[in-house]
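Hello,

Here is the structure for you to look through. My notes on it follow below.

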Amino acid sequence: MKEMLRSAAALGLVALGGTALLTAVDWLTADRIAEQERRIVLEQLGQMIPQQFDNPILDDFITLRDEQFFPKGQEVTVWRARYQGQPVSAIFKFNAVNGYNGNISLLAGINADGSLRGVRVISHKETPGLGDAIEAGKTDWILDFSGKSLKNPETDRWKVKREGGEFDQFTGATISPRAVVEAVRLALEYFEGHQDLLFDTVSDSAGSGGQ
């Protein structure tokens with residue numbers, strides 16, 4: 001009995017130590033991961049921001065939640081570009097939640113006329129050599145969103161070709177592109193129905209001393 005208790009105690013200590021180690025690793029790497037993602041966001045924003053704007057776009061943003069268009073309780077950030085006070089473009093940071101290996105973090109720039117400036121992947125956990133073809137650095141697939149809208153193609157064509165839609169899938173990997181296409185379509189639908197709200201809402205930076 002004593003031997004069994006000693007073994008159980010040893011196993012408990014090992015489990016406790018392992019949990020503590022994982023917690024420490026998560027704590028030590030969380031800030032680094034967050035900073036890396038922030039760097040990527042700023043880099044990709046530079047590719048999305050329209051040339052003609054005159055507002056401090058990085059300080060002109062709002063955050064929102066809407067389960068209908070951005071599922072699973074995610075917080076969405078929207079930067080607004082304006083010229084002489086008029087809306088030019090909104091850049092959404094959000095997740096495609098149905099990726100093969102989890103969330104796919106995206107940026108989508110939407111012009112005031114409802115057309116896409118472009119879409120970029122910020123981060124993902126899709127399978128290397130298959131699902132990671134959604135990255136601009138891997139293939140040109142993600143670049144095909146530029147210029148698209150809810151009228152080009154029509155809403156019912158916002159699917160991968162295997163499902164009767166407009167967008168290519170990858171050999172052996174349909175889930176990743178399907179998730180991105182669906183998420184971008186929902187972002188466009190949100191923009192279409194909430195454009196006034198998006199551009200008229202006071203910037204979140206105003207509440208923290210921003211201009």
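**What I found**

Threonine 77 sits in strand β2, which covers residues 76–83. Please keep in mind that this is a predicted model.

Is threonine 77 buried or exposed? Threonine 77 counts as buried because its relative accessible area is 16%, and the cut-off for buried is under 20%. Which residues touch it? Setting aside neighbours within four places in sequence, threonine 77 is in contact with Phe61, Ile62, Thr63, Ile91, Phe92 and Lys93.

Phe92 turns up again in the largest nonpolar core. That core has 39 residues. Phe92, Phe94, Leu106, Phe145 and Val184 touch the most other members. Two or more residues come from each of β1 (61–64), β2, β3 (86–99), β4 (102–111), β5 (116–123) and α2. Helix α2 gives the most, with twelve residues.

Now take Phe145. Not counting residues up to four places away in sequence, phenylalanine 145 touches Leu116, Val119, Trp158, Phe167, Val180, Val181 and Val184.

Next, helix α2 itself. At histidine 194, α2 bends by about 85°.

Last, confidence. The protein chain averages a pLDDT of 86, and 79% of the residues score at least 70. Among the elements, α2 has the highest mean pLDDT, 97. Helix α1 (residues 2–48) has the lowest, 60.

Best wishes

Terms used. Residues are numbered from 1 along each chain as its sequence is written. This is a predicted model: local features need pLDDT of at least 70, side-chain atom pairs count only at pLDDT 80 or more; totals for chains, interfaces and linings use all residues. Side-chain values use heavy atoms; hydrogens and water are left out. The bend at a residue is the angle between axes fitted to the seven residues ending there and the seven starting there. Helices (H or I, at least four residues) and strands (E, at least two) are DSSP runs, numbered from the N terminus. pLDDT is the predictor's confidence in each residue, from 0 to 100. Buried means under 20% relative accessible area, exposed over 50%, partly exposed in between (1.4 Å probe, protein chains only). Contact means heavy atoms within 4.5 Å. A nonpolar core is a set of buried Ala, Val, Leu, Ile, Met, Phe, Trp, Tyr and Cys residues joined through side-chain atoms within 4.5 Å.
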